[in-house]
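Please read these notes with the model open beside you.

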4 protein chains.
Amino acid sequence: MTKITFLCETNPGANRETGINPAYENGMDQYVYDFLCSKGYDVTWIKISPTDDGSALTDEILENTEVLLWWGHIYHKNILDSVAEKVVARVNRGMGFFAMHSGHHCKPFKRLIGTTGNLSWREIGERERVWVTDFGHPITKGLGDSFVIDHEEMYGEPFDIPNPDELVFISWFQGGEVMRSGCVWKRGRGKVFFFRPGHETLPTYKYESVQKVIVNAIEYLTPDEIVAPYGAPKIPVPPEGDIKTW
Amino acid sequence: MTKITFLCETNPGANRETGINPAYENGMDQYVYDFLCSKGYDVTWIKISPTDDGSALTDEILENTEVLLWWGHIYHKNILDSVAEKVVARVNRGMGFFAMHSGHHCKPFKRLIGTTGNLSWREIGERERVWVTDFGHPITKGLGDSFVIDHEEMYGEPFDIPNPDELVFISWFQGGEVMRSGCVWKRGRGKVFFFRPGHETLPTYKYESVQKVIVNAIEYLTPDEIVAPYGAPKIPVPPEGDIKTW
Amino acid sequence: MTKITFLCETNPGANRETGINPAYENGMDQYVYDFLCSKGYDVTWIKISPTDDGSALTDEILENTEVLLWWGHIYHKNILDSVAEKVVARVNRGMGFFAMHSGHHCKPFKRLIGTTGNLSWREIGERERVWVTDFGHPITKGLGDSFVIDHEEMYGEPFDIPNPDELVFISWFQGGEVMRSGCVWKRGRGKVFFFRPGHETLPTYKYESVQKVIVNAIEYLTPDEIVAPYGAPKIPVPPEGDIKTW
Amino acid sequence: MTKITFLCETNPGANRETGINPAYENGMDQYVYDFLCSKGYDVTWIKISPTDDGSALTDEILENTEVLLWWGHIYHKNILDSVAEKVVARVNRGMGFFAMHSGHHCKPFKRLIGTTGNLSWREIGERERVWVTDFGHPITKGLGDSFVIDHEEMYGEPFDIPNPDELVFISWFQGGEVMRSGCVWKRGRGKVFFFRPGHETLPTYKYESVQKVIVNAIEYLTPDEIVAPYGAPKIPVPPEGDIKTW
C-alpha cells in the first residue's frame, strides 16, 4: 500500500490532552491517523508540538514517503526553511504533497506554488457546500455534484494562488463567500493537492464525503515511480554528432 | 518610463575587466545596461561580484522597481535566501520578474516556479533558431515566425518547469536539442518571464530580434499598479449579515 | 475607438415591444446598445428575431469587428452552422468574442471551447455575489473584492467548460450554488470571455460594477492587430538549407 | 481490454492496393490495425475511402468506443459535419480521442480545440528527434529523454492550437523547425491527445518508441466510466431550501 507520512500539529484545538475539542474524543490528529491506518496505508505519524521545528521529518522518512499529508495552522513559522526546501525537492522527484486545510500557509506549499496562499477567513461554524467543478476527475470518484459540511471555518476568495492545473472543487459558504477549495498543481514528477475543509475543532474528517476525497486524493497523488534527482547534465557530444559550429 | 532594476553578475565572462570577452568590448553587463538606458527606462544597475550576497538589492530599491531583470550564472548560491524571499513577495504584490538566460537557476526564480529549473546544456557555440509558438502574444510583436542566433550555448529539454501559463518561444539547436525558451507564469499580481538566449561570451544581446524581445517583455511585465501586500483578512461579519449557524 | 458588433436576441423578455420587461423601459437590448454607444464605441447592432438565422452578420461586418458581443438565449438553434464557423475563424485571426449570460450555449462559443457549456440553473431572482479570483486581472480594474447583484437567475456548477486560461470571477448564489462566472480562453490570435450575469428580465446591466466589467472586458478583448488567415504553408527549402536526408 | 475504434483513410499512400508504399508491405492501415490487435485491444476498424463520409462510424459503434484513433489526411472535408459533432459530444461524455499525425486537421479535432490546427510542413524525409518535456507523464513511460525517427515529414511551429493542458513532447527537425508534437487537452469527461509522427509512406509506426507512445496513450485516454450525457438540469428548489429572494 501507499507509504504515507502524516505530519500534524499537536495544537490545543487538534489535540486530545487539552480536552477542549468536542469534535474528536481523542483529538483530530489521532482520528485522522486511525482513519488512514484503517484504509491499509503504511502510515508514519509526525507530531509537531509548539517546540518542534520539523526536523523529525528526516531524510530517511522523506525518502520512504510516497504521499506527504501536511496539516498545520499555528506553528508554520517554527518549521525550518531547510525542511521546506527538502520537501520541495522531494516532491519534484516524485512525491505527492497534500496540503490539508490551513496547510495553505505552510512553508513547503508556499514554495511549491510561488504565491502567498493568502485568503480571507471567519470562524463562526457556518455551512459549507463543496461543489465538483471537474466532474471526470479521479479525486471526485463516488461523489455526486456536491456535498455539505454542516459547520466549518470559512476561507474565502481572493485566494492568492497560481491558476491551478486542475480545479476540482469550489466551496459555497453560508455567509456569502466562495473559495477554490480543491486544487491540483504539478511540480516536476510530483503532484500537489490542496483541500480546504478540515478545521480542527469541527468534525469535518468524520464526513464520509471528506473521507472519500482523502482516499481518492492519496491514490491520485501516489507517484508511479520514485526517481533519482534530475540534475543538470552536460551533453558534450551533440545528438547530431560532429557538427560544425564556427 | 518603466522603473527597471538590472541585477547582473560581474563574472569573468560577463565583465570587461577580465578582458576575455571578445563579444562585448566593455563587458556584457555594460552593454545591456547601456541598451536599457537607450530605451529611456529609469534603470538601477546592481552588480553582483563573487563576494556579493544580493543585499545591495535593498527594500527601497525593490519597492521602486516595476520590472526586475536578473542575469546570474555562477554566483547563484551566494545570494541570501532572505533576498530571494523578498523578491518573491514583491513579485506577488505586482512587479515583473525577468529571468535572463542562466537566471533559470537563480533563487527567486526557482521559488516562484516551485521546481528545480534543471535542464541539459552544452557550450560549443552552435546555431539556435527561436520559434514563435504563441503568435499573437505581445512579447512577439515585430518578430516573424522565427529568428536565428548564430552562436549560442545550448540549453535543452527536459526543462524542469511547471507548464507555463503562456509558452511564447521554443528553440531549435543545431546539435539536436529543443527547449521551451520563452515562458510566462503569473504569480499574484506579478508576471514572471524566462528568456533563454543570452550567454555572456557571445554577442546575443546585440541581435535586433533579441532586443525586441527584451523591450516587448519589459512592457508586458510592467504592472498596472503597485499594491499593498494582500494579507489574510478576518471577516468577522458575513456579507450575508446575521446568519444562523447553529 | 474599438469597433464592436452587438448581436442580441429580440426575445419576449429582452425586447420592449412585448412590454413585459419591467427592468428596462425600452428593452434590455436597447439599454445595452445605448450604454455601449455612450462609451464612444463604434457599435453595429444585429437583432436576432425568432425568424433570423444570423446571416445578418455578414462577412463585411465580421471583418470590421474587433469585439463581438453575443447575447442569446432561446434562438441559439436558429443560427446557421456556417455563421458559427465563420465567427470561430474570425476569432482565430484576432477578434474578441464576448459571450454574455446565456451565450454559454450559443454555437460559436461551444465550438470555441469544445465542450457543451452545460450547467444547472434556476430562475427565482435570488441574490448573486460575484467574487474576484484573479485580483490583478485587467477585467477587474476598479472593482473591489466582490460585488452584489440583488436579483439574478442562478447558473451553477458543474459548468462543462475546459479549464479557463484565466479564471476571473466566481459567483455565489443565495440558494446554495457557485459558478465560474468570468472566464477567459485564448484561441489563435483572439480571446474569448464569458461573463455570466445578465438575465434579460432583471436590471443587471444597470449595475455600475457590471458596466465596469463590460468596459474592461472590451478593452481586454480588443486585438492589437487584425491579421490575414494563418494558413498551412509548405516550406520546401529548410531553414537549414541543403540538408542530406537519405 | 480497452474498446478501440481505429478510423483510417484508405488513401493511395496508406493503402496496400496502390502498391506504392514501400514502408508497409500490406499498407500502413493494416499494419497499425494488426499492431493494435496484437496488444489485445478490442478493435473496430473503419476504412475511409475517397467516397466515404464517415457515416460508417455509427452511433452504436461510437457508443461502444472507449478510445477513438483517427488517422486522416486527404479526405478530411468529406467527413460529415454531423459525424464530427457526434464525436465531440461523445468525447465530452467520456471517450478518449487520439488524433494521429495529419489528424490535426480532421473536423472533430478542430472542433474540440477551437482553433485551426494549422502548421507549416515539408516532405523530404528528414530526421526527427522527439523530446520528452513532461518527464513524469504516463504517456512517456518506458521512454528515455528522447527518441529518433530517421525519416519523417516535417510539421513546424507556429502550430495553431490552444495552450495544451499537458505538453508531453516537442520535436526537433533536421531542417531547422520545432513542433509541439505530443499534446493533451481535457474536454468534459474525455481526454484528447495529438501525436505528430506517422506519415503514411514512412515506417514510423514500426518504431518501438512510437509503439510505446501509442500503447501508453491508449491507456491514458481510456475513461474510467462512460456516462450519460450531462444536461442542463433545472434545480427548482434551492439546496438552501425556502429562501426569501424578494
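1. Two strands pair if DSSP finds at least two bridges between them. Strands (E, at least two residues) and helices (H or I, at least four) are DSSP runs, numbered from the N terminus. The model is predicted: local features need pLDDT of at least 70, and side-chain atom pairs count only at pLDDT 80 or more, while totals for chains, interfaces and linings use all residues. Residues are numbered from 1 along each chain as its sequence is written, and chains are lettered from A in the order in which they are written.

2. In chain C, β3 (residues 67-71) pairs with β4 (residues 96-100) in the parallel sense over five bridges. The bridge partner of Leu69(C) in β4(C) is Phe98(C). Strand β1(C) (residues 3-9) also runs parallel to β3(C), joined by five bridges; here Thr5(C) has Leu68(C) as its partner.

3. Chain D and chain C each give 46 residues to their contact (heavy atoms within 4.5 Å). The buried area, meaning the accessible area (1.4 Å probe) lost on being put together, summed over both, is about 3,700 Å², and carbon and sulfur atoms give 56% of it.

4. How many salt bridges (a side-chain nitrogen of Lys or Arg within 4 Å of a carboxyl oxygen of Asp or Glu) cross the interface of chain D and chain C? The rule finds zero.

How values were computed. Heavy atoms only, no water. Buried area = accessible area lost by both parts, 1.4 Å probe.
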